[in-house]
Protein chains: 2
Amino acid sequence: MERAFKALASTPRRRILNHLAGGPMTVGEIAAKFDMAMPSISKHLAVLYEAGLVHQQKRGQHIIYSIAADNLANSLYSFLTPFCPEARKLNAERKTARHEPEERVDEHGG
Amino acid sequence: MERAFKALASTPRRRILNHLAGGPMTVGEIAAKFDMAMPSISKHLAVLYEAGLVHQQKRGQHIIYSIAADNLANSLYSFLTPFCPEARKLNAERKTARHEPEERVDEHGG
DNA sequence: CTTGCGTATAGATACTTTCCTAATTAGGAA
DNA sequence: TTCCTAATTAGGAAAGTATCTATACGCAAG
């Protein structure tokens, strides 16, 4: 949760997530759109990955990043639950609709 | 949106929000629970206020802070919408289901 | 092995955030 | 006015973050 919110506190990182919402992308693809040096993009992606907000998939020499919408929603809904119970209801609906047994907040850290 | 996410990126600030979920509080009340100097708490509350996540209400020499659950939820749902359409549906439900004034700063007593 | 491409890491610098103590502002009581 | 309490603002030290350039790693092709 801590990492997720810190990751989302950066405008470039939120913009990266919005780009990834359109589909998986390589680092170079993203860097080309942002007028930012590739190492910076790489760092931002690492932060998002550590926060569990994106997935990595190696394909040859490329690394394809894609959004981890489940963890993204789960983090925010979990935080929101104490303040608005609807978030909890929706979170439960999401899980049952996907036939997923439990929350999967940390699937990248194995 | 930018301010909201930056405000939420701080663990002390999220803990303050969680405390405020139990009801309105003065700055001194919060500072007493956090083992943090009052000026620091005051600063955090100012950040939360600038982000629209809490309300202020002056009562004599006290300033009572309370949570702005609507804005909190709205910020996160708006951000989530591109990634999970359910957030949008829920956000719309929240707005139409509300038959009462938005700001109820004093519902826990006083 | 070397070459070339895509990506990640290292080091340096500038900027921002966080937290404290000390001082200031503001309200209420005498 | 003077005094007490509540909250903010000011100043500064320490830690964290963002970004760049330069370099190293990993994979594919020859």
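I count two residues as in contact if their C-beta atoms, placed from the backbone, lie within 7 Å. The model is predicted, and in it local features need pLDDT of at least 70 and side-chain atom pairs count only at pLDDT 80 or more, while totals for chains, interfaces and linings use all residues. Residues are numbered from 1 along each chain as its sequence is written, and chains are lettered from A and ligands numbered from 1 in the order in which they are written.

**Entry: the core**

I looked up Leu53(B) and listed what it touches, leaving out residues up to four places away in sequence: Ala4(B), Ala7(B), Leu17(B), Leu48(B), Ala68(B), Asn71(B) and Leu72(B). I then turned to the nonpolar cores, a core being a set of buried Ala, Val, Leu, Ile, Met, Phe, Trp, Tyr and Cys residues joined through C-beta atoms within 7 Å. For burial I note the cut-offs: a residue is buried if 20 or more other C-beta atoms lie within 10 Å of its own, exposed if 12 or fewer, and partly exposed in between, with C-beta atoms placed from the backbone. The largest core holds 58 residues, and Leu53(A) and Leu53(B) have the most contacts inside it. Its largest share, 6 residues, comes from helix α5 (residues 69–80) of chain B.

**Entry: chain A as a whole**

I read helices (H or I, at least four residues) and strands (E, at least two) as DSSP runs, numbered from the N terminus. Chain A has 6 helices and 3 strands, and from the N terminus on they run α-α-β-α-α-β-β-α-α. Of its 110 residues, 31% count as buried, and among its contacts between residues at least 6 apart in sequence, 53% join residues at least 24 apart.

I also checked Lys6(A), which is found in helix α1 (residues 2–8) of chain A. Lys6(A) is partly exposed because 19 other C-beta atoms lie within 10 Å, and its C-alpha atom is separated by 23 Å from that of Thr26(A), 20 residues apart along the chain.

**Entry: helix α4 of chain B**

Helix α4(B) covers residues 38–50, and its 13 residues reach 18 Å from the first C-alpha to the last, close to the 18 Å expected at 1.5 Å a residue; the expected span is 1.5 Å times one less than the number of residues. I find Ile41(B), His44(B), Leu45(B) and Leu48(B) as the buried residues of this helix. They lie on the same side of α4(B) because they cover an arc of only 100 degrees around the axis, the arc being that of the directions from the helix axis to the C-beta atoms. What covers them includes α1 (2–8), α2 (11–20), α3 (27–34), β2 (54–59) and β3 (62–67) of chain B. Just after the helix, Gly52(B) takes a positive phi of about 75 degrees.

I count 22 residues around DNA strand D, the closest being Ala37(A), Thr26(B), Gly28(B), Pro39(B) and Ser42(B). Two or more residues each come from α4 (38–50) of chain A and from α3, α4 and β3 of chain B, with the largest share, 6 residues, from α4(B). Ser42(B) lies in that helix and counts as partly exposed because it has 16 C-beta neighbours inside 10 Å.

Around DNA strand C I count 21 residues, the closest being Thr26(A), Gly28(A), Pro39(A), Ser42(A) and Gly60(B). There the largest share, 6 residues, comes from α4(A).

For classes, Ala, Val, Leu, Ile, Met, Phe, Trp, Tyr, Cys and Pro count as nonpolar, Asp, Glu, Lys and Arg as charged, and the others, Gly among them, as polar.

**Entry: where the two protein chains touch**

I find 20 residues of chain B in contact with 20 residues of chain A. On the chain B side, α1, α2, α5 and α6 (85–96) give two or more residues, and α5(B) gives the most, with 5 residues. The residues of this side divide into 14 nonpolar, 2 polar and 4 charged.

Asp35(A) has a positive phi of about 50 degrees although it is not a glycine, and it lies in the loop between α3 and α4 of chain A. Asp35(A) counts as exposed because it has 6 C-beta neighbours inside 10 Å.

Conventions:
Near = placed C-beta within 6 Å.
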